[in-house]
Amino acid sequence: MALSEEPAAGAAEDPVEDPVEDAGEDAALACGAALESFGESAETRELLGHLPAVLADRSAREGALERFRVIMDKYQEQPHLLDPHLEWMLNLLLEFVQNKTSPADLVHLAFKFLYIISKVRGYKTFLRLFPHEVADVQPVLDMFTNQNPKDHETWETRYMLLLWLSVTCLIPFDFSRLDGNLSQPGQERASTMDRILQVAESYLVVSDKARDAAAVLVSKFVTRPDVKQKKMASFLDWSLCTLARSSFQTIEGVIAMDGTLQALAQIFKHGKREDCLPYAATVLQCLDSCRLPDSNQTLLRKLGVKLVQRLGLTFLKPQVAKWRYQRGCRSLAESLQHSIQNPREPVTQAETPDSDGQDDVPEEVESVIEQLLVGLKDKDTIVRWSAAKGIGRMAGRLPKELADDVTGSVLDCFSFQETDSAWHGGCLALAELGRRGLLLPSRLSDVVPVILRALTYEEKRGACSVGSNVRDAACYVCWAFARAYEPQELKPFVAAISSALVIATVFDRDVNCRRAASAAFQENVGRQGTFPHGIDILTTADYFAVGNRSNCFLVIRGLGGELMRQAVCILIENVALSKMPFRGDAVIDGWQWLINDTLKNLHLISSHSRQHIKEAAVSALAALCSEYHAQEPGEAEAAAQEELVKLYLAELQSPEEMTRCGCALALGALPAFFLKGRLRQVLAGLRAVTHISPKDVSFAEARRDALKAISRICQTVGVRAEGPPDEAVCRENVSQIYCTLLDCLKDYTTDSRGDVGAWVREAAMTSLMDLTLLLGRNQPELIEAPLCQQLMCCLAQQASEKIDRFRAHAARVFLALLHADSPAIPHVPARPELERLFPRAAVASVNWGAPSQAFPRMARLLGLPAYRYHVLLGLAVSVGGLTESTVRYSTQGLFEYMKEIQNDPAALEDFGGTLLQVFEDNLLNDRVSVPLLKTLDQMLANGCFDIFTAQENHPFCVKLLALCKEEIKKSKDVQKLRSSIAVFCGLVQFPGDVRRKVLLQLFLLLCHPFPVIRKNTASQVYEMVLTYDVVPTAVLDEVMAVLSSTAWDAELPVVRAQRNRLCDLLGVPRPQLVPKPAVR
């Protein structure tokens, strides 16, 4: 029994919280409370109002019924949303029922609708709205005269009538007042009391659901003060006679016994103890003679157990056991008040001596408890669950010593001679006793070992095994104990319970048991607060994670291994740093194997632990090699050096990305003497990892870690300008290292995770900064002017791009190199201008991650020719981006610069040439070309190039047109085509032949194969005609009419005719269809 499916446990009269209600509320919350109100109110009102109209048509009638059922079923999880609408729905339907002229079929149909409502909302809530005045008793009774108990098509009518009659029985008047004079001359009339009882008895033995409603009617009717005096004894006689003459071996007998047992159980539940007590012993004796435990009918055995426990509760006085254990207060207000007044005092109730004597316990109670204990071993779960609830209820009214005896009897169920049913029933009973405070802490030392055995219970039966229900119920016991006891009571058992629950959570093969164990563990972590590593375990092995078997056995299973692996790596590092005397010891080989195994199998470690374990392994390797693989100071053991370097270089080509990451960082962590004579080989291997190939294009993390390794190696081996390239960074290899790092600034790889290339670019920027500062401090002459210019320009580009985090990082690196003064970095392009634009004091407080602060400052670099190309490349991607703040402030910065050069033709020519060069260099590179088209559209629309319109066929617009045509040639990218249309419409403002060519391109797009492109082109051309004076006045109205009235998403022949008409009006040659070459 999974916790999410736990049956009801607890009675209304018991002052103990009901976990099922909590579970129901939790289930509703888990559904997300997707509905906020009854949204089909209008449809339902119309549906109910048209019932007379659909009555004659069977198909329409069934359709209306089915539609109403579908509407109501939507609210099964949130039936309370129906409450504001129940009254008017009931009134609409009762109008048909109470109307004397309504056809019988309409009445039956109305009751079908009423039944659907009661099923969804629950009859107890719905019945309160039914008319239940004195005047309603006779009409409801009279309706039964027209009912045929054997008509199985109309059972809903009889079911609802019986429930309606049960609520009218609650009127506070003696029924004899309704009868008047019963003996009039010539006729004899039955009393109302007799008629109701006759109806109830007749429907207790029918085979449909009306039997359940009849039991409800009996419980409400027979327990009335006026009826119990006259009819209770006779009804109980009738019931016992029915049970005595019925046999559970026949269908008729089963039906009769079912209805009778339901009625008796309801009577002894709702009746007053003093009224029912005189009959309880007789009923118990009759029930014993029925031998229900021998029946193969599950429902009869369940009803028998239910009636037995109600009889037992009748024998005992209703009371709250003074000796019970109580955790805190049931009232939240009282709990809070107590915690304020006594913040450190645990809220528990001490065990007090029982003041009640055992003389008050009737001898029949022993028989009742014996039968309930037998019920705990029943073969069906619902019987065992009912027996467990009965055990809990009975124990709550017993003296302390007798209740403890009951607990001992329950513990006897946990014998390996007993079946799995007995173990399951015993677990349910212990949970009931625990949550009701009837299992005292002194008994926990006996109970907990039993529950721990139940958590691993399994019994082989032939080719299969049983016991999952026992393990599930044991988890429920742990869940219940977490809510029932104070932490100090369970503290001695925490280690055993927590480890057992973790094992069940991870290793149990049954998904329900894994989930139940996870839920129980979570409950203990939340309510007890004493489970070790509780939150860490929960975040890994939560209720949903354990639902997947492979995830449990292959991922979560590593929970202990991952923690241990990380801990051992930390131990190795600390042992090595402490210089403990293990040199030459065999344990070193074991430690090295563990580190190597960890680095090679990082892909098998859960993602949330992988980074920590990788870092721990790399740190352990660095310390281990420095201390235990050194033959003498500054000299590596040749064998270890050869083996490790060869191993890690080989694994750099592994098909597993995480293996590449681990081995790259391992090479970066090797001490300088380990790299001596191997530096060139190691750098070549890491350089190969940074190259993008089709098979490893998505290995961005491997490229990132390779860059980190290169940077760390440079710091480790140091700089010697004329040193050997196999031992240090020198004149011979520095250019190659720079080229590797600079190439990685062009990594814009994207996959399902997004721009993963940004990780590589970030690592490349950090590595470039570290290397450049290292060279600047030691050998500044190795920093060549072209390399420094390329470095600063690439950083400026990154500082102008759209992702806030990486833009901020690029700006910080840029400024760190600019403001480095110990000594200054040589060959920084335009250093004086940069220092004027970015004074050290002013930029220290700038938030470069905020677009409003970053873009206006970076756009100033457009005025420096050395930086213009790269800054414009970065800004173009940002201006044409998607994020509103990025687009706004990058556009603002760009336009501020354009405003400054509007009256400087030479500067504008230079800017236009750079812009076209950016476009040409990035043709068909959608990452740049699509946002660049959007940027060009904004610049043309805002008149940034108005000065060029004074010259016909200006080279800028001619080349821009050619580039746009090349960009969209054979393209099927709708976004790119739309952006190009906007640019073409902006180019139409330039005079000369270029305008005719632009119009030709637009008219070609008016007949594009994609209807959406045709419509978009027509719309933008229409706006273009309104904005720019490019259409002769004589044909303007006609052009506008064609553009606006044509259905441009129609068939191409129709569209082509209208397009050609526009060509004729504007003097543009009609495009000609080019026949496809014949296929030979």
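Leaving aside its neighbours within four places in sequence, which residues is L94 in contact with? The answer is L114, F130, P131 and W164. The structure is a predicted model.

**L94 and its setting**
- L94 is part of helix 5, which spans residues 83-98.
- L94 counts as buried because its relative accessibility is 3%, and buried means under 20%.
- Between L94 and A265 there are 171 residues along the chain, counted as their separation in sequence, and their C-alpha atoms are separated by 31 Å.

**Helix 4 and helix 6**
- Helix 4 covers residues 58-73 and helix 6 covers residues 104-121; their axes come within 10 Å and cross at roughly 15°.
- The angle makes helix 4 roughly parallel to helix 6, since angles under 35 degrees count as roughly parallel.
- The crossing of helix 4 past helix 6 is right-handed.
- On the helix 4 side, the contact is made by R61, A64, L65, F68, R69, M72 and D73.
- On the helix 6 side, the contributors are L109, K112, F113, I116, I117, K119 and V120.
- By class, the residues of this contact between helix 4 and helix 6 are nine nonpolar, no polar and five charged.

**Helix 30 and helix 31**
- Helix 30 (residues 586-600) packs against helix 31 (residues 607-628) at an angle of about 145°, and the axes are 10 Å apart.
- Helix 30 passes helix 31 in a crossing that is left-handed.
- Helix 30 supplies I588, W591, Q592, I595, T598 and L599 to the contact.
- Helix 31 supplies I613, A617, V618, A620, L621, L624 and Y628 to the contact.
- The residues of the contact of helix 30 with helix 31 comprise eleven nonpolar, two polar and no charged.

**Nonpolar cores**
- The largest nonpolar core has 184 residues, of which F838, Y867, F911 and F945 touch the most other members.
- Helix 31 gives the most to this core, contributing eleven residues.
- Not counting residues up to four places away in sequence, F911 touches L862, R868, L872, L894, Y897, M898, I901, M939 and F945.

**Loop residues**
- R291 sits in the loop between helix 15 (273-290) and helix 16 (298-315).
- The phi of R291 is near 50°, which is positive in a residue other than glycine.
- R291 counts as exposed because its relative accessibility is 53%, and exposed means over 50%.
- N953 lies in the loop between helix 47 (926-941) and helix 48 (955-968).
- Although N953 is not a glycine, its phi is positive, at about 50°.
- With 29% relative accessibility, N953 counts as partly exposed.
- K746 is placed in the loop between helix 37 (734-743) and helix 38 (757-778).
- K746 has 57% relative accessibility and so counts as exposed.
- K746 and L86 are 660 residues apart along the chain, and their C-alpha atoms are separated by 66 Å.

Technical notes. Residues numbered from 1 in each chain as written. Predicted model: local features only at pLDDT ≥ 70, side-chain atom pairs only at ≥ 80, totals over all residues. Heavy atoms only, no water. Axes fitted to C-alpha atoms, helices over the stretch in contact; angles between N-to-C directions. Helix = DSSP H or I, 4+ residues; strand = E, 2+ residues; numbered from the N terminus. Left-handed = near helix turned anticlockwise from the far one by under 90°. Contact = heavy atoms within 4.5 Å. Nonpolar A, V, L, I, M, F, W, Y, C, P; charged D, E, K, R; others polar. Core = buried A, V, L, I, M, F, W, Y, C linked by side-chain atoms within 4.5 Å. Buried < 20%, exposed > 50% of the residue type's maximum accessible area, 1.4 Å probe, protein only. Parallel < 35°, antiparallel > 145°, perpendicular 65-115°, else oblique.
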